[in-house]
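Here are my notes on the two-chain model you sent. They are set out as numbered points, to be read beside the structure.

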Amino acid sequence: MTEAFRQTGIRAGRLGPDDLARNFSDLHAAYDRHEATVAADRCYFCHDAPCITACPTDIDIPLFIRQIQAGQPEAAAQTIFDQNILGGMCARVCPTETLCEQACVREAAEGKPVEIGRLQRYATDSMMAAGEHPYTRAPATGRKVAIVGAGPAGLACAHRLAMHGHDVVVFDARPKPGGLNEYGIAAYKTPNGFAQAEVDWLLKIGGITLQHDRALGRDLTLEELRHDHDAVFLGMGLGGVGALGLEAEDLTGCENAVDFIATLRQTEDLTTLPVGRHIVVIGGGMTAVDAAVQSKLLGAQSVTIAYRRAQDRMPASRYEQDLAATHGVQILTHVVPVALHGEGALREVELAYVDADMTQTGETIRLAADQLFRAIGQKLETVEGLAIEGGKIAVTGAGRTSVEGVWAGGDCAAGGEDLTVTAVAQGRDAAEDIHAMLTGAG
Amino acid sequence: MADLTTDFVGIKSPNPFWLASAPPTDKEYNVRRAFEAGWGGVVWKTLGAEGPPVVNVNGPRYGAVYGADRRLLGLNNIELITDRPLEVNLREIKQVKRDYPDRAMVVSIMVPCEEEAWKAILPHVEETGADGIELNFGCPHGMSERGMGSAVGQVPEYIEMVTRWCKMYTRMPVIVKLTPNITDIRKPAAAAKRGGADAVSLINTINSITHVDLDIFAPEPTIDGKGSHGGYCGPAVKPIALSMVSEIARDPETHGLPISGIGGVTTWRDAAEFMALGAGNVQVCTAAMTYGFGIVKELKAGLSRYLDEKAMALPDLVGRAVPNVTDWQHLNLEYVTKARIDQDACIKCGRCYAACEDTSHQAISMSADRTFEVIDAECVACNLCVDVCPVEDCITMERLAPGTVDPRTGKTVQAEPADWTTHPNNPSSPNYVPDGQTRMVEEPAE
């Protein structure tokens with residue numbers, strides 16, 4: 001704690017470098033070899049294992065755990081990467097408690113699943129630390145594919161296409177690749193530059209060219225991409241954050257949670273990153289939790305997540321909710337923001353209590369806030385000519401859009417949960433479909 | 001508290017837990033610590049003849065086999081008999097026995113297979129006040145290359161001969177320690193009995209290589225790039241030891257010969273199992289080497305509690321399971337069971353299904369929602385599903401009551417036991433039917 005800790009307003013240096021380093025270190029420590037062996041030994045090697053079914057990328061989990069047991073984490077890693085080339089990041093950010101670990105029979109038996117996520121990290125880290133990239137390219141096909149977005153969907157698609165011998169160009173609006181892995185996930189889930197290291201490792205396959213600061217709709221058009229390439233995959237995620245629709249939303253301190261997280265992720269020295277003393281986060285998803293917890297870890301005194309429905313309706317997983325609670329974040333439910341108060345800078349957020357049907361009860365509450373983060377969901381930035389379904393790009397099959405030769409996957413495409421692992425699966429599957437199409441097998 | 005005092009071939013000890021002849025009993029210091037911890041007795045590590053003592057390797061002596069969480073399941077060693085001078089050991093034995101007169105002090109001996117060698121050492125041992133001797137005919141490594149240890153234990157005539165010499169030259173009870181590295185344990189046991197042995201102890205360690213180093217291609221433990229087979233012991237060998245003990249206990253030729261049970265005794269339960277199969281006491285080594293002497297507290301308290309729960313005295317336990325060890329041909333073929341899965345306890349892992357479907361009789365069905373059920377018409381009651389199920393008592397074997405029809409065979413289960421000796425497929429049976437096999441399958445139920 002520093003002198004700045006008790007000062008109001010948005011200030012840097014609320015905590016000293018040691019506290020910050022501790023707060024933003026790995027959320028889950030990596031297993032050492034013995035821990036991994038003990039954890040792996042708990043796996044029953046189930047027949048037709050439910051964990052595989054629960055994994056959006058269908059990783060053969062019992063097999064990779066058995067390979068860890070047998071002392072070959074690198075072989076385990078290959079089992080993982082065969083299905084999910086971003087298995088290292090997924091091991092860190094997957095909500096395993098609602099996916100593989102929820103399906104684990106030991107969860108049913110004793111409430112303690114095999115720690116699949118941590119085992120996956122042990123395996124993938126082992127191979128990446130050894131610098132081994134186990135895939136090589138098929139003979140060049142001479143086909144060119146454009147990918148928009150160097151996030152999980154785009155990278156998974158690019159890797160699989162490159163493996164099949166196609167040349168891939170990945171365009172990304174940001175200066176660095178990785179998408180949400182680099183800009184959108186809490187720092188303590190992927191510390192020590194893992195997101196970039198993973199991209200570097202993935203690109204070892206060869207045949208993938210990255211073009212930064214190239215955004216669709218700003219620097220590129222879909223028509224150009226289609227003209228210059230044999231196929232196009234769109235994986236640019238979602239863009240704009242909706243406003244709360246309140247007056248005075250331009251007060252200093254009102255920000256988008258995704259922007260706050262992106263800035264945090266790109267800040268080398270967290271003692272220089274300003275944060276409010278009192279913070280209100282509007283929303284109830286993973287982004288809301290990531291913004292709230294990280295605010296607290298930066299030294300905010302009070303942080304409240306304000307969510308309009310009951311807590312069990314929050315899109316953030318139970319695990320994430322508990323994570324917020326254990327970090328001292330207050331979760332206030334059945335409230336919507338109705339007014340922002342302050343002169344130039346935000347001072348208070350006024351919230352109204354609502355019923356299940358969103359009718360205001362008449363009761364309101366005012367929370368001190370010098371910073372407010374909107375985490376109420378992002379919207380697709382529309383692309384000319386593509387059919388839209390539920391606010392996202394409509395797709396059929398393995399990500400085929402309404403436009404011939406154009407595929408889409410990840411958060412920008414309709415269908416599936418907005419998870420890293422889902423994006424990887426969609427990118428991979430679209431790549432296989434594109435490959436089949438390009439080679440005449442489709 | 002049950003009375004654990006034991007009289008084994010006249011050797012009294014406050015409990016039936018002795019430390020086996022091995023590194024833990026090589027020196028006065030260790031043995032005093034053992035007695036302070038509460039061990040009932042020790043078999044002092046094997047003494048050799050007078051003269052320059054043996055030498056041991058100066059690299060690793062032990063290799064291990066692990067289960068989950070590095071739990072030690074098996075240990076092997078290439079250590080030889082004591083490498084300390086005979087007179088030092090004798091002096092220490094005498095001092096310790098003097099200070100702990102209530103504990104059993106048995107001395108293990110291994111000298112060349114010559115009458116003079118045995119005749120020479122026995123008076124020295126007797127002079128220490130030791131309660132008995134154990135003849136090491138079991139050590140499978142090193143000493144066997146010099147015609148001692150298991151080299152003697154593998155030749156029943158030698159066992160008989162040396163045992164006779166010992167009985168001739170000492171008044172002390174003679175326990176003959178047997179090697180399991182033979183094909184039929186009853187032969188050396190019978191030889192010991194003919195030679196006049198007061199008891200046998202078994203098993204000694206089993207020839208083994210714990211691992212192969214796959215970088216240098218050498219067995220472990222590795223000494224400068226080479227390895228030699230060692231003697232295997234610990235929990236992994238217990239089933240082998242139990243079977244051998246039971247063979248001696250039930251064979252008419254050796255029945256009644258006192259047995260000191262050895263081989264993987266780790267908890268009171270292991271000890272009770274050895275005793276139920278005929279051992280009058282047990283000897284422990286690997287468990288003590290893994291966890292220290294303190295384990296004897298659990299052994300004593302556990303056995304005592306068990307005896308109290310069963311309202312049994314210790315002598316009542318000894319041999320109690322022996323009548324139930326029989327030949328396969330006498331097993332009741334009318335004892336028909338079927339696996340039953342407790343759906344409430346089932347965690348839906350599917351291991352029973354995989355085991356049965358892939359490797360057994362396709363007698364478990366799996367539904368789309370992962371419900372696993374036994375198909376009685378296919379279940380042969382092999383027990384594999386019970387064995388691989390991770391949940392205790394989730395799958396059980398339940399007997400079909402006499403009078404019910406076994407849907408697998410179509411035959412009615414008979415109340416009267418019937419075994420192979422009377423089976424129509426058995427050519428030696430009075431009921432033999434030459435084409436019995438065909439009839440067995442096709443004959444419909446009554």
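1. In chain B, residues 24 or more positions apart account for 68% of the contacts with a separation of 6 or more, a contact being heavy atoms within 4.5 Å. For chain A, 69% of the contacts between residues at least 6 apart in sequence join residues at least 24 apart.

2. The basis of these values is as follows. This is a predicted model, in which local features need pLDDT of at least 70 and side-chain atom pairs count only at pLDDT 80 or more, while totals for chains, interfaces and linings use all residues. Residues are numbered from 1 along each chain as its sequence is written, chains are lettered from A and ligands numbered from 1 in the order in which they are written, and side-chain values use heavy atoms, with hydrogens and water left out.

3. Chain B holds 14 helices and 20 strands, these being DSSP runs numbered from the N terminus (helices H or I, at least four residues; strands E, at least two). Its C-alpha atoms fill a box of roughly 75 × 50 × 50 Å along the principal axes. Of the 446 residues in chain B, 50% are buried, where buried means under 20% relative accessible area, exposed over 50%, and partly exposed in between (1.4 Å probe, protein chains only). The accessible surface of chain B is about 20,600 Å², with 52% belonging to carbon and sulfur atoms; accessible areas come from the Shrake-Rupley method with a 1.4 Å probe, and for residues only the protein chains shown count as cover.

4. Chain A has 17 helices and 15 strands. The radius of gyration of chain A is 22 Å, close to the 22 Å that the globule rule gives for 442 residues, so chain A is as compact as a globular protein of that length. The radius is taken over C-alpha atoms, and the rule is 2.2 Å times the number of residues to the power 0.38. Along the principal axes, the C-alpha atoms of chain A fill a box of roughly 65 × 55 × 45 Å. Buried residues are 54% of the 442 in chain A. Carbon and sulfur atoms hold 47% of its accessible surface of about 18,400 Å².

5. How much area is buried between chain B and chain A? The figure is about 1,000 Å², and carbon and sulfur atoms give 65% of this; buried area is the accessible area (1.4 Å probe) that two parts lose on being put together, summed over both. On the chain B side, D69(B), I347(B) and R370(B) lose the most area to chain A, together 43% of what that side buries. The contact takes 13 residues from chain B and 12 residues from chain A. The count of salt bridges between the two chains is zero, a salt bridge being a side-chain nitrogen of Lys or Arg within 4 Å of a carboxyl oxygen of Asp or Glu.

6. Over all chains the structure holds 48 salt bridges. In chain A, one of them joins R366(A) and E348(A) (2.9 Å, N to O). R366(A) is in strand β11 (residues 360-368) and E348(A) in strand β10 (residues 345-354), so the pair ties together parts that are 18 residues apart in sequence. Both partners are partly exposed: R366(A) has a relative accessible area of 46%, and E348(A) has 25%.

7. Another salt bridge in chain A is between D418(A) and K392(A) (2.7 Å, N to O). D418(A) sits in the loop between β15 (406-408) and α17 (420-438), K392(A) in strand β14 (residues 392-393), and the pair links distant parts of the chain, 26 residues apart.

8. In chain B, the side chains of E247(B) and R186(B) form a salt bridge (3.9 Å, N to O). E247(B) lies in helix α7 (residues 238-250) and R186(B) in helix α6 (residues 186-194), so this pair ties together parts that are 61 residues apart in sequence. Relative accessibility is 22% for E247(B), which is partly exposed, and 30% for R186(B), also partly exposed. Salt bridges with shared partners join D184(B), R186(B), K187(B), E247(B), R250(B), D251(B) and D327(B) into one network.

9. I209(B), V212(B), L214(B) and F217(B) make a nonpolar surface patch of about 470 Å². Patches are made of residues with over 30% relative accessible area and no salt bridge, with like charges joined within 9 Å and nonpolar side chains (Val, Leu, Ile, Met, Phe, Trp, Tyr) within 5 Å. F217(B) is in the loop between β12 (211-213) and β13 (218-220) of chain B. F217(B) is exposed, with a relative accessible area of 65%.
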